[in-house]
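Visitor: I would like to go through this chain term by term. Please set each value against its definition.

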Amino acid sequence: MISFLNDYNEVSHPKILDELQKYQNEKFEGYSKDELVQEAISNIKDNLQNHDVEIHFLHGGTIANVIGLMMTMQRHESVISVDTGHIVNTENASIEAIGHQIVLVKEKNGKMTVEEIEKALNSHSYEYNSKPKVVYISNATELGTVYKRDELKKLYEYCKSRNLYLFMDGARIANAIMSKHSDLEFSDLPKYLDVFTIGGTKNGFMFGEAVVFVNEELKNIYARMVIKQRGALLAKGFLYGIQFKTMFENGLFFKIAKNAVDMAQKLVYVFEKYNISTVYNTEANLVFVELDNQIHDKLSEKFMYQYDAIDENKGLCRFVTTWNTNESEIVELDRVLEKIIY
């Protein structure tokens with residue numbers, strides 16, 4: 001089977017495996033207090049062109065969002081998210097478990113808008129409503145679209161005017177940055193966000209995400225204590241250090257993400273060849289199409305991808321490309337589709 005199911009279904013980039021072997025016989029201090037973690041953090045700060053941010057490593061995207069959001073809200077406060085947000089459809093139980101409401105607003109191409117934030121604030125203005133404090137966005141979005149610099153700046157400035165924090169889920173930030181539809185630079189993130197995550201799990205790491213606190217109000221407020229309380233302070237923290245150091249010291253993090261984005265565009269060309277239109281704009285590494293069940297039944301014998309029934313005749317299908325997707329897999333999809341359709 002050829003998999004387009006997700007972008008975390010491979011062990012890791014070979015360079016990480018090489019680096020892990022390199023340090024095989026060395027001993028390190030635990031709980032991310034080692035020199036490799038410190039070097040990795042310094043490398044990330046260099047790439048961000050900002051050495052004032054505070055960075056913590058965690059094992060996965062869900063716990064990164066949980067810890068990041070926990071540090072931004074008091075018990076009576078809530079987070080605003082578009083209805084297609086990752087914390088809504090995949091992680092809602094995790095956010096609810098820490099005692100916070102998710103205030104839903106309508107997405108626009110998967111994105112948040114100032115107008116929707118305003119509606120959320122107005123609808124939660126009653127004394128006994130939860131008080132929205134954080135605006136959650138993801139880049140790339142769950143629909144595969146990406147934020148431009150002016151969109152992010154507009155959201156950030158509005159949040160500042162309303163005393164809100166802007167939080168970005170960056171599980172696919174490398175793909176978003178490398179998209180030809182994006183004018184965002186990695187160094188723009190600290191300028192227009194209060195907190196953001198940097199996703200490694202979906203971009204060639206074995207595991208690992210970074211939570212980056214930018215806003216001074218959110219720094220040095222017992223983040224490590226909260227991480228430990230949630231059972232997420234990894235004893236072998238040096239494994240984060242090896243991976244992040246490897247990916248950020250020579251720009252590998254972004255180089256491999258470009259392959260995922262490029263392969264997604266090649267997928268789009270194949271579908272268009274057979275008059276199968278994409279449902280959303282393909283701007284990162286997610287491709288959504290509607291497939292008749294007759295096509296899906298045959299295609300799924302050879303390929304793995306996400307399928308959600310629309311009705312008895314067709315379904316919405318999500319194809320995900322990765323840092324390791326190769327052109328031969330796209331060519332094979334083309335060959336199989338040709339055989340099915342013609």
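**Values against cut-offs**

Visitor: What makes the chain agree with a compact globule?

Guide: With 342 residues, a compact globule would have a radius of gyration near 20 Å, and the chain has 21 Å, so the two agree. The radius is taken over C-alpha atoms, and the globule rule is 2.2 Å times the number of residues to the power 0.38. Along its principal axes, the C-alpha trace spans about 60 × 60 × 35 Å.

Guide: A word on sources. This is a predicted model, where local features need pLDDT of at least 70, side-chain atom pairs count only at pLDDT 80 or more, and totals for chains, interfaces and linings use all residues. Residues are numbered from 1 along each chain as its sequence is written, and side-chain values use heavy atoms, with hydrogens and water left out.

Visitor: How many helices and strands does the chain have?

Guide: The chain comes to 14 helices and 12 strands. Both are DSSP runs numbered from the N terminus: helices are H or I with at least four residues, strands are E with at least two. Of the contacts with a separation of 6 or more, 74% join residues 24 or more positions apart. Contact means heavy atoms within 4.5 Å.

Visitor: Why is Pro132 called buried?

Guide: Pro132 has a relative accessible area of 6%. Buried means under 20%, exposed over 50%, partly exposed in between (1.4 Å probe, protein chains only). Therefore Pro132 is buried. Pro132 sits in strand E5 (residues 131-138). Leaving aside residues up to four places away in sequence, Pro132 touches Ser78, Ile80, Ala120, Leu121, His124 and Leu164. In the chain as a whole, 57% of the 342 residues count as buried.

Visitor: Why is Tyr307 called partly exposed?

Guide: Its relative accessible area is 26%, so Tyr307 is partly exposed. Tyr307 belongs to strand E11 (residues 306-309). Its contacts, not counting residues up to four places away in sequence, are Asn293, His296, Lys314, Gly315, Leu316 and Cys317.

Visitor: What makes helix H11 largely enclosed?

Guide: H11 (residues 238-248) has 10 of its 11 residues buried, so the rest of the structure largely encloses it. Among the buried ones are Phe238, Ile242, Lys245 and Phe248. The cover includes helix H1 (14-22), helix H2 (35-48), strand E2 (54-58), strand E7 (195-199), strand E8 (209-213) and helix H12 (252-273).

Visitor: How do H2 and H11 pack?

Guide: They pack at an angle of about 35°, with axes 7 Å apart. Axes are lines fitted to C-alpha atoms, for helices over the stretch in contact, and angles run from 0 to 180 degrees between N-to-C directions. H2 passes H11 in a left-handed crossing. That label means the near helix is turned anticlockwise from the far one by less than a right angle; clockwise is right-handed. Leu36, Val37, Glu39, Ala40, Asn43, Ile44 and Asn47 in H2 meet Phe238, Gly241, Ile242, Phe244, Lys245 and Phe248 in H11. By class, the contact has 8 nonpolar, 3 polar and 2 charged residues. Ala, Val, Leu, Ile, Met, Phe, Trp, Tyr, Cys and Pro count as nonpolar, Asp, Glu, Lys and Arg as charged, and the others, Gly among them, as polar.

Visitor: Why is H6 called roughly parallel to H7?

Guide: H6 (residues 114-123) and H7 (residues 149-161) pack at about 25°, with axes 10 Å apart. That angle makes H6 roughly parallel to H7. Angles under 35 degrees count as roughly parallel, over 145 as roughly antiparallel, 65 to 115 as roughly perpendicular and the rest as oblique. The crossing of H6 and H7 is right-handed.
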